[in-house]
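Work through the exercises below with the sequence and the model open. Each task is followed by its solution in steps.

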Amino acid sequence: MESTWVERDLPVLNVLVQQLDDAAGASFPELRDVTEETGLEISEITKAALALESAGYIDLRGTSALQGLGM
């Protein structure tokens with residue numbers, strides 16, 4: 001199985017952290033907003049977010065990040 005950490009998950013995590021820092025933690029970034037900065041498709045952003053949550057890096061509970069994506 002190909003590792004997705006370097007090419008997908010880490011860039012998404014970096015953008016999420018930067019956007020959270022920029023918003024001073026006031027809101028969780030929408031995954032659609034992450035596509036612009038990473039160049040990844042929304043489906044890959046969604047997979048990365050779920051992988052990051054599964055690994056304990058982020059917590060999507062209580063966010064609207066996955067709303068509108070069928071999640």
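A salt bridge is a side-chain nitrogen of Lys or Arg within 4 Å of a carboxyl oxygen of Asp or Glu. The model is predicted, so local features need pLDDT of at least 70 and side-chain atom pairs pLDDT 80 or more, while totals for chains, interfaces and linings use all residues. Residues are numbered from 1 along each chain as its sequence is written, and side-chain values use heavy atoms, with hydrogens and water left out.

**Exercise 1. Salt bridges**

Find the salt bridge that Asp59 forms and classify the accessibility of both partners.

Step 1. The partner of Asp59 is Arg61, with the closest N and O atoms 2.7 Å apart.

Step 2. Accessibility is classed by relative accessible area: buried is under 20%, exposed over 50%, and partly exposed in between (1.4 Å probe, protein chains only). Asp59 is partly exposed because its relative accessibility is 38%. Arg61 has 68% and therefore counts as exposed.

Step 3. Elsewhere, salt bridges that share partners join Arg8, Asp9, Glu44 and Lys47 into one network.

**Exercise 2. Inside the network**

Describe the pairs Asp9 with Arg8 and Lys47 with Glu44.

Step 1. The closest N and O atoms of Asp9 and Arg8 are 2.7 Å apart. Both Asp9 and Arg8 are buried.

Step 2. Between Lys47 and Glu44 the N to O distance is 3.2 Å. Both residues belong to helix H3 and are three residues apart, about one turn of the helix. Helices here are DSSP runs (H or I, at least four residues), as strands are (E, at least two), numbered from the N terminus.

Step 3. Lys47 is partly exposed because its relative accessibility is 43%. Glu44, at 26%, is therefore partly exposed too.

Step 4. The search of the whole structure finds four salt bridges.

**Exercise 3. The nonpolar core**

Which residues of the largest nonpolar core touch the most other members?

Step 1. A nonpolar core is a set of buried Ala, Val, Leu, Ile, Met, Phe, Trp, Tyr and Cys residues joined through side-chain atoms within 4.5 Å.

Step 2. The largest such core has 13 residues, of which Val12, Leu16, Val34, Leu52 and Ile58 touch the most other members. Helix H1 (5-22), helix H2 (31-38) and helix H3 (42-54) are the elements that give two or more residues to this core.

Step 3. Contact means heavy atoms within 4.5 Å. Leaving aside neighbours within four places in sequence, the contacts of Leu16 are Phe28, Pro29, Leu31, Val34, Leu52 and Ile58.
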